[in-house]
Amino acid sequence: MTSTMVVTPYRAAPGRACGPCTLCCKVYALPEFEKPPGVWCRECAPGKGCKIHEQAPAQCRNFFCLWMSDGKLPEAWRPDHAKFVLSIFPANGFVYGQVDPGLPGAWRKEPYYSGLRSLARTILSERRHVVMFLGEEATLVMPDEAIPLGGMTSADQFRIEPAFGPNGPTWRAVRA
Ligand code: SF4
Ligand code: SF4
């Protein structure tokens with residue numbers, strides 16, 4: 001199963017609008033249109049918006065990325081600048097990032113990498129995590145490192161738990 005937008009109860013923060021961002025129309029799959037993740041939707045005018053607006057599937061109309069719903073995130077974190085889309089997965093409260101395959105390493109640059117590790121530190125006490133997805137490759141972002149988790153998508157059910165690897169204590173994903 002590939003990564004799709006997850007409809008969340010979140011709403012746009014006051015003053016927030018997508019503007020020229022259309023990145024969620026690229027990075028996620030859209031099963032209604034048989035659109036795979038990582039390619040532009042046939043109805044998207046990149047940098048302008050959706051050509052079918054109110055006729056767009058509910059999955060699209062009800063999706064608000066984290067930048068849209070959290071008015072404290074700086075402008076640089078708008079997904080078309082950052083080159084990844086963050087959202088909160090309702091089932092576990094994890095922050096999932098879906099990466100633009102056109103610039104797969106952008107999230108590892110600043111200010112993003114420091115910001116993601118800081119976010120990981122903040123939500124760790126709630127047993128929540130930050131996971132970045134590039135296609136079907138997942139990477140767990142922890143306060144001090146990024147740990148490859150292997151092949152999985154945001155649609156997979158998994159939990160993160162402590163583990164012990166060849167280099168000492170680490171973390172791993174365990175499928176539910
Ligand atoms: S990724 Fe966020 S800001 Fe960009 S178009 Fe989608 S909902 Fe709007
Ligand atoms: S239908 Fe519209 S909103 Fe939905 S992915 Fe395609 S362009 Fe984006």
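**Entry 1: Glu 161**

I looked up the neighbours of Glu 161 and found that this residue touches Thr 170, Trp 171, Arg 172 and Val 174, leaving out residues up to four places away in sequence; contact here means heavy atoms within 4.5 Å. The model is predicted, so I noted that local features need pLDDT of at least 70, that side-chain atom pairs count only at pLDDT 80 or more, that totals for chains, interfaces and linings use all residues, and that side-chain values use heavy atoms, without hydrogens and water. Residues are numbered from 1 along each chain as its sequence is written, while chains are lettered from A and ligands numbered from 1 in the order in which they are written.

I placed Glu 161 in strand β8, residues 158–165. Helices (H or I, at least four residues) and strands (E, at least two) are DSSP runs numbered from the N terminus. With a relative accessible area of 18%, Glu 161 is buried; buried means under 20%, exposed over 50%, and partly exposed in between, with a 1.4 Å probe and protein chains only. The side chain of Glu 161 makes a polar contact of 2.6 Å with the side chain of Arg 172. A polar contact is a pair of N or O atoms within 3.5 Å; within protein, one must be able to donate a hydrogen and the other to accept it, and residues adjacent in sequence count only if both atoms are side-chain atoms.

**Entry 2: Asp 100**

I then turned to Asp 100, which lies in the loop between β4 and α5. Asp 100 counts as buried because its relative accessibility is 7%. Its side chain and that of Lys 26 are joined by a polar contact of 2.8 Å. Apart from residues up to four places away in sequence, Asp 100 touches Leu 23, Lys 26, Val 27, Lys 83 and Phe 84.

**Entry 3: Backbone geometry**

I recorded that most residues other than glycine have a negative phi, and that most peptide bonds are trans. Lys 83, one of the contacts of Asp 100, is not a glycine, yet has a positive phi of about 75°. I found Lys 83 in the loop between α4 (79–82) and β3 (84–88), where Lys 83 is partly exposed at 25% relative accessibility.

Arg 127 also is not a glycine and has a positive phi of about 60°. Its place is in the loop between α5 and β5 (130–134), and at 70% relative accessibility Arg 127 counts as exposed.

The peptide bond from Glu 110 to Pro 111 is cis, with omega near 10°. I located Pro 111 in the loop between β4 (95–99) and α5 (112–124).

**Entry 4: Ligand shells**

Which residues lie around ligand 1? I listed Cys 18, Cys 21, Thr 22, Cys 24, Cys 65, Met 68, Pro 79 and Val 85, each with a heavy atom within 4 Å of the ligand. This shell divides into 7 nonpolar, 1 polar and no charged residues. Ala, Val, Leu, Ile, Met, Phe, Trp, Tyr, Cys and Pro count as nonpolar, Asp, Glu, Lys and Arg as charged, and the others, Gly among them, as polar.

Around ligand 2 I listed Cys 25, Leu 30, Phe 33, Cys 41, Glu 43, Cys 44, Cys 50, Ile 52, Pro 57 and Cys 60. The shell of ligand 2 has 9 nonpolar, no polar and 1 charged residue.
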